[in-house]
Amino acid sequence: MVIYGVALLAGCMLVGLWAGDVLGMLLDIDSNVGGVGIAMLLLIFIGGYLSDKKKLPASTESGITFWNGMYIPIVVAMAASQNVAAAIDGGLIALFASLVAVGASFALIPLFGRSSKKKPSSEAPSTAQDPLSARSVASSHSRPTR
Amino acid sequence: MLESLLTQLEKQHLIAAFALVGGAMYLSYIVSDKLTRGRVHGSAIAIMVGLILAYVGGVATGGTKGLADISLFAGLGLMGGGMLRDLAIIATAYGVRFQEIREAGMSGVVALFLGVIVSFVAGVAVAYAFGYRDPVTLTTIGAGTATYIVGPIAGAAIGASSEIIALSIAAGLFKSILVMIMTPMLARHIGLDNPRSAMIFGGLMGTTSGVAAGLAATDPKLVPYGAMTATFYTGLGALLAPSVLYLAVRAIF
């Protein structure tokens with residue numbers, strides 16, 4: 001049933017965020033430490049285990065893949081509800097500080113060295129059904145390589 | 001007639017947001033196809049449109065939630081708020097193989113520490129260049145440049161004024177907006193096309209919303225890897241900024 005997949009996802013999120021809060025308390029900082037990341041690891045392990053045991057029929061899986069597919073629309077809604085006006089009010093110091101930080105961070109990425117694998121493997125099922133990913137692969141092929 | 005339609009839209013705000021975002025994405029994909037021949041990804045255009053609308057909404061209402069402050073579009077705040085955003089980010093992890101995460105694990109941790117320190121130093125340097133000399137102010141702006149959540153946490157911990165905290169939040173907001181816009185443009189030039197570099201990218205940038213939107217507009221397959229490391233960044237920043245980094249700033253200035 002679809003709700004089993006949604007419930008599994010919800011359960012991973014609740015446990016992960018709770019663990020992130022506890023971790024923050026243990027470190028004595030007023031912040032959630034990696035709650036979403038912990039939830040993702042839980043879903044990878046539990047989802048992988050159940051799917052190996054053939055305990056995840058397609059209908060259950062669709063409860064997770066639906067939210068996976070809603071990800072980009074949710075990000076668009078998130079962008080539309082950002083406090084962009086406040087950022088622009090912050091003026092030049094805020095803009096320069098973030099420009100320098102982002103520029104330096106981008107420049108550091110190649111220093112970590114490129115991995116031998118150029119593309120994420122195409123059979124990765126995470127967004128395989130998503131028409132967006134197919135489109136992005138297609139468009140990256142059609143781009144001229146510089 | 002029209003009034004009752006508006007009332008319904010306000011009442012069913014989340015549903016109205018689904019319809020609105022769906023329509024905006026449809027138009028964005030048409031623009032992507034016809035005007036840029038797919039060179040600029042449709043979701044990148046949709047995110048830019050979202051940011052512009054957020055600016056318009058913020059200026060029109062003076063609120064803090066962009067377009068969502070206009071009551072007709074209140075559902076955007078719920079749809080794009082932390083709860084559903086985190087649920088959707090976690091859902092992207094389904095089907096990821098743990099092996100890929102373990103292989104990049106160490107680089108991800110190094111990237112996290114480096115990311116917090118580089119952004120902090122950049123913020124401190126720019127604040128210094130603009131004439132600030134007080135260690136508390138420098139630290140707060142540096143912390144805000146890491147993410148807009150770390151700025152207020154550090155500022156409150158070391159006693160910064162509310163204007164400086166607001167400035168630090170603005171720096172963090174700019175950072176997340178810049179990451180959203182620049183990632184799809186720069187991705188190919190920095191080798192951001194595999195899970196490993198996505199994890200390093202997430203660790204270096206740290207802004208979960210920026211990383212999430214930037215990768216979505218680059219290649220949705222990379223989202224779970226970047227988001228995974230980025231969610232540890234704010235915690236690490238909140239740990240380092242008011243303690244080690246503040247002491248370092250005080251020792252230097």
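**Domains and interface**

Modeller: This is a predicted model. In chain B, the C-alpha centres of domain 1 and domain 2 lie 27 Å apart.

Colleague: Where are the bounds of domain 1 and domain 2 in chain B?

Modeller: Domain 1 of chain B covers 2–81, and domain 2 of chain B covers 98–252. Six residues from domain 1 of chain B and seven residues from domain 2 of chain B make the contact.

Colleague: How much area do domain 1 and domain 2 of chain B bury between them?

Modeller: About 490 Å², with 83% of it on carbon and sulfur atoms. On the domain 1 side of chain B, H41(B), I47(B) and L51(B) lose the most area, together 66% of what that side buries. That side has four nonpolar, two polar and no charged residues.

Colleague: How many salt bridges and polar contacts between these two domains of chain B?

Modeller: Zero salt bridges, and one residue pair in polar contact, both at pLDDT 80 or more.

Colleague: Switching to the chains. What area is buried between chain B and chain A?

Modeller: About 8800 Å², of which carbon and sulfur atoms give 76%. I90(B), Y94(B) and K221(B) supply 10% of the area that chain B buries against chain A, more than any other three residues.

Colleague: Which helix of chain B gives the most to the side touching chain A?

Modeller: Helix α9 of chain B, residues 162–186, with 14 residues. By class, the side of chain B that touches chain A has 65 nonpolar, 26 polar and 14 charged residues.

Note on methods:
Residues numbered from 1 in each chain as written. Chains lettered and ligands numbered in written order. Predicted model: local features only at pLDDT ≥ 70, side-chain atom pairs only at ≥ 80, totals over all residues. Heavy atoms only, no water. Buried area = accessible area lost by both parts, 1.4 Å probe. Helix = DSSP H or I, 4+ residues; strand = E, 2+ residues; numbered from the N terminus. Nonpolar A, V, L, I, M, F, W, Y, C, P; charged D, E, K, R; others polar. Domains from an automatic or database assignment. Contact = heavy atoms within 4.5 Å. Salt bridge = Lys/Arg side-chain N within 4 Å of Asp/Glu carboxyl O. Polar contact = N/O pair within 3.5 Å; in protein donor to acceptor, adjacent residues only side chain to side chain.
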